[in-house]
Each structure stands twice: as C-alpha cells, then as structure tokens.
Amino acid sequence: MGKGIEDALENSTSDASLARARAVSAKIEAGIAADPTQFRVLTGDRPTGHLHIGHYFGSLLNRVRIQRAGVDTWVVIADYQVVTDRDGVGPIRERVLSLAMDYIAVGLDPEKTTIFPHSAVPALNQLMLPFLSLVTDAELRRNPTVKAEFEATGNRPMSGLLLTYPVHQAADILFCKANIVPVGKDQLPHLEQTRVVADRFETRYGHPDGADGPVFPRPQGLLSEAETVLGLDGAKMSKSRGNTIELRMSADQTAKLIRKAVTDSDRRIAFDPANRPEVSNLVLLAAMAQGREPAAVAEEIGDGGAGALKKLVTESVNDMLAPIRARRAELEADPGYVRGVLRRGIERATERAEATLAEVREAMNMTY
C-alpha cells in the first residue's frame, strides 16, 4: 500500500473517531443538563510549573463550569508523573501548593471538588500492578502520549515510569470510578487505553460475587472545543519557552510580557489566523478575556496598530485576572488553609481508593 493511501486511510479513521467523540461529548453535555449526579469527572495536571492563561482557557474554566453544574469533580495533582522523564522532582512541594492555590482562586470549591496529589494515595498506586498485567509493551510504545513525551526527552533511554504513563493515568481515572474525563482531541487515544484496561479487567476477572455491574465504568471523553491560545512569541504556549502569562503574575509583569509580544508590520489590525498568526493570537487573547468575538475586537482596534492592540490585551487580561489574583494573594497569606484542603482531599481519595482496591482484590480472588 502506498504512503499516500496509508495517510488518507489514517486521516479518514481519525476524522471518523473525532466525529464519534464529538457525538458522545454532546450526549454527555445533555446528560449533565438533565441530571449531573449521574456523572463523576476526573481531571488534573502535572506540577511541572505554574499554571498560565493557556490552562485557564483550555481547561480550568471548563472544570469550574462542570463543578457548578453539579457534577462530582475530582482533580488530581499528578506529582509522581513529574519524574517520568526527569532526574529529580525540583521544588515539587511548592508547585503542588501553587497548583492548589490556582485551582481554588479560579473557582474550584474544595467543598465540592476533591483536590489531591496522587503520590499520597497508596491504594490508588497499587492499582498499577494488576493494570500492568492487562496491557502489552507494544501497546504502550504506540501510545501517542508516551511517544510525544519520549520525543520531548531527546530520545534518551525511556524510563519504566514513562513507558507505563498511560497505565498510571488509567489508575488515576478508574480508582474513583470517574465516568467522564475532559480531554482535547489529541488526548482521545490515551482515554481509549483506559477503557481497554477497564474492559480487560472485566473480561479476565469479572466482578465480585453479588456486585451490581462491572468494577470499573468505561470513561468517556468530554471533548473541549476551546480555542488554542499560542504563546506571546507566536509559538506553542509552553512553560519551558517562557512565553506564557502565569495566573500568579502581577499586573505589571503581565504588561511587560505583552509589550514584548511578537506582532507584524501591518498597522491595520485584523483577525486572520492563517496569514497573521501572531497578531490574531493577541486579538484572540483579548476577545477571550472579554468574552467577545475576535473579529469584533479587531474591528474596534482598526488602524490603531500593534501599540493599541497590546494596550487592549494588557487591560483585558489584567481585568480578567484581577479577582483571581486577589483570591490567590489571600491563599498565599494562609498556607495552612491550602494544606488543609490537600489533606482533606487525600483523606477522601484514600477512602475511595481503598474501597476500589478491595473490590479489585475480591474480583481477583486475592482476599486473605
């Protein structure tokens, strides 16, 4: 089969999978509107740095929306996954606390949302052992997440933790029996790996006598259609590139970064992502911060040039982040509260994980 035909078939399959994912996501949204109590969501982040506006628009806003809709929400701080491809963990304790502060500052309510670091939940991590027996080496090496993470390391020897990254994420999702996971389209293959683990466990071990249904649900993706915001240099937003606006930054720091943002020489401002990506990205950033359409923002600036555009972006972003920053400052002044939130999250996650592990051991006939 020729390379062109192979690529066409792969693209066709990908398009069909994306269409199915969007249809499932639409049904989930309708289900949430009808009865949010039938769902539990698991989402989270690796504490590799501080959260920025890309996280805010891409995932944090959606998490707050889901929580406010009444869905049981669990947010994992995936601290073990920091060392999948690193020689050390760095200032990980500070970063975990910083993530927790950002979560609370943007509107995640610890009374409604369980926030916890997975390294502090032994029973969750113990699920890795039976789950690893359900996947093959070849499947893990084909996983897009593993391949992308491996390429990011400069192709140095792959650690066992990096290779089994998808299985660890499956444990994060399944330990609390989450049935929906917010994802971008690039993360759909990984979620499929979690469903494979759930299905194979049921096929191989069944479920405990007297149990109602399988041990694990088949989690579905709640597809995010959020606009992608590029970094201030026009490249992909990345903590390692230093092209982000962190939620914790001051208004002055934000203004300084935006003044250095890449634009072009055309004075007329337009929203044209294909031909003017850097300018269009700044227009999009202002529009998202204001809750407006990008074309309307560009039209408003008109011939004002890059100076007027950057001024508007700075004002819009700082106005949007002002209440978040104020709340974060309160949390920074009360670190005991934040640690208490994490302790309560760990307690709840531990209780849930131990109950799930007991079911797993019962299904595997390993109760003594």
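Reader: In which helix do K311 and E315 both lie?

Author: The model is a predicted one, in which local features need pLDDT of at least 70 and side-chain atom pairs count only at pLDDT 80 or more, while totals for chains, interfaces and linings use all residues. Residues are numbered from 1 along each chain as its sequence is written, and side-chain values use heavy atoms, with hydrogens and water left out. K311 and E315 are 4 residues apart, about one turn of the helix. The helix that holds both, residues 305-332, is α14.

Reader: How far apart are the closest N and O atoms of K311 and E315?

Author: K311 and E315 form a salt bridge, that is, a side-chain nitrogen of Lys or Arg within 4 Å of a carboxyl oxygen of Asp or Glu. K311 is exposed at a relative accessible area of 51%, whereas E315 is partly exposed at 38%; buried means under 20% relative accessible area, exposed over 50% and partly exposed in between, with a 1.4 Å probe and protein chains only. The closest N and O atoms of the pair are separated by 2.7 Å.

Reader: How many salt bridges does the structure hold?

Author: One of them links the side chains of D45 and R63, at 2.9 Å from N to O. D45 lies in strand β1 (residues 40-45) and R63 in helix α2 (residues 53-69), so this pair ties together parts that are 18 residues apart in sequence. Both D45 and R63 are buried. In the whole structure, the number of salt bridges is 20.

Reader: What is the N to O distance in the salt bridge of R276 and D266?

Author: Both residues lie in the loop between α11 (251-259) and α12 (277-290), so the pair ties together parts that are 10 residues apart in sequence. R276 counts as buried at 10% relative accessibility, while D266 is partly exposed at 40%. Their side chains meet with an N to O distance of 3.7 Å.

Reader: How many helices and strands are there in the protein chain?

Author: Helices (H or I, at least four residues) and strands (E, at least two) are DSSP runs, numbered from the N terminus. By that rule, the chain has 15 helices and 5 strands.

Reader: What is the radius of gyration of the protein chain?

Author: This quantity is taken over C-alpha atoms, and the globule rule is 2.2 Å times the number of residues to the power 0.38. A compact globule of 368 residues would come near 21 Å, a figure with which this chain agrees. Along the principal axes, the C-alpha atoms fill a box of roughly 75 × 60 × 50 Å. The radius of gyration of the chain is 22 Å.

Reader: How many residues of α9 are buried?

Author: Across the protein chain, 48% of the 368 residues count as buried. Helix α9 is mostly covered, and its buried residues include Y165, H168, D172 and L174. The count for α9 is 10 of 10.

Reader: Which residues does L161 touch, not counting those up to four places away in sequence?

Author: L161 is found in helix α8 (residues 160-163) and is partly exposed, with a relative accessible area of 26%. Contact means heavy atoms within 4.5 Å. On that basis, the residues that L161 touches are Y80, V83, T84 and H168.

Reader: Where does K177, a residue with a positive phi, lie?

Author: Most residues other than glycine have a negative phi. K177 is not a glycine, yet its phi is about 60°. N365 also has a positive phi, near 60°, and is placed in the segment after α15 (335-363). As for K177, its place is the loop between α9 (165-174) and β4 (180-183).

Reader: How far apart in space are A308 and R267, C-alpha to C-alpha?

Author: A308 lies in helix α14 and counts as partly exposed, at 30% relative accessibility. In sequence, A308 and R267 are 41 residues apart. In space, their C-alpha atoms are separated by 9.9 Å.
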